[in-house]
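Q: I have a model open and want to learn how to read its folds. Can you walk me through it?

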Amino acid sequence: MNCVARITRTHTPSAVVALGRTRIAVAVVPSYVRAQSTTATPQSNQAGKKERVVILGSGWAGYGLAQTIKPSKAERVLISPRSHFVFTPLLASTTVGTLEFRSAIEPVRRLGLDEFHQAWADDIDFANKTIRLEGNTQSDTAGSKTATTRDTEKGPIFEITYDKLIIAVGCYSQTFGIEGVAQHASFLRDVGDAREIRLKVLTAFEKADLPSTSDEHRKELLNFAIVGGGPTGIEFAAELHDLIHEDLSKLYPALLKFVQVTVYDVAPKVLPMFDQNLANYAMDLFRRQGIQARARTSAPASWSGARA
């Protein structure tokens, strides 16, 4: 089920990522390369020289648009709490070490933008065309880790102007009001999430291996619940199975009997966006590998100890 077959980085304008039999071109060097400094030049600020286009967000839409806009036509300004773009299909592989985190990200400063500010947008004054920003002065993972709330420590506040504004900030993961999810579960949407999951998995095995840990507690520690039977959930379940049975089994052979991986989804089947034959193949493979897939099943109403 590990669909990542090969990653090739070249010095050409794009790298080719092979996902099964599908080849996807991923730009790793921008079409328009400018100076690496993000400080606006006096020429770019001259009245009537170029339109000032501000993009909020460094995801698929924001990063892709910043690549598309010609620097000769507009002044490009990008705002994001993280300084990189994430190629999300590779995140599941980074959680278990199949790929390193740097293989799934691309620094936005390589776009040669006129300005880049690592910050959150707090308020927009559409009448005066100004944006109030709060700088992200913490580590880059503070802006990449999926969370519904920010740290209590406030960053510096400042304002910037724009001629045209593109809002491509994405959204937070939904908890659907299930108690305990935000506090105990891990989301998988960014590099910060993947890093946290990797640490939680390894920590769970270390705790389970302690002589003071009872067998009942070992079952709880090594019971991995994955909510979502889409491509990300299925890929992560397969990657986690491979990590446990190919690598961790050599380090913790006595703990394998306590491991359980379960995928939950409210849909009638997993991978609902794909062909029925592919979904059936995934289910048959999971059954042979001992991975439980529970369709038409919602997450428990309360998770006090939800796993990765």
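Q: What should I know about the model before starting?
A: It is a predicted model: local features need pLDDT of at least 70, side-chain atom pairs count only at pLDDT 80 or more, and totals for chains, interfaces and linings use all residues. Residues are numbered from 1 along each chain as its sequence is written, and side-chain values use heavy atoms, with hydrogens and water left out.

Q: In what order do the six strands of the open sheet run?
A: Strands are DSSP runs of E, at least two residues, and helices are runs of H or I, at least four, numbered from the N terminus. Two strands pair if DSSP finds at least two bridges between them. Here the order is 10-9-8-5-4-11, with mixed pairing. Strand 10 (157–161) and strand 11 (164–167) are the edges, each pairing on one side only.

Q: In which sense do strand 8 and strand 9 pair?
A: Antiparallel, over six bridges, between residues 115–125 and residues 130–135. Trp120 stands opposite Glu134 in strand 9.

Q: How is the sheet of three strands paired?
A: Its pairing is parallel, in the order 12-13-14. Strand 13 (residues 260–264) joins strand 14 over three bridges. Tyr264 faces Arg294 of strand 14.

Q: Is Thr262 buried or exposed?
A: Buried means under 20% relative accessible area, exposed over 50%, partly exposed in between (1.4 Å probe, protein chains only). Thr262 lies in strand 13. It counts as buried because its relative accessibility is 4%. Contact means heavy atoms within 4.5 Å. Beyond four places in sequence, Thr262 touches residues including Phe224, Ile226 and Gln292.

Q: What span should helix 5 have?
A: The expected span is 1.5 Å times one less than the number of residues. Helix 5 (residues 191–208) has 18 residues, so it should span 26 Å; its end C-alpha atoms are 26 Å apart, which agrees.

Q: Which residues of helix 5 are buried?
A: An α-helix has 3.6 residues a turn, so residues three or four places apart point the same way. Among the buried ones are Ile197, Val201, Ala204, Phe205 and Ala208.
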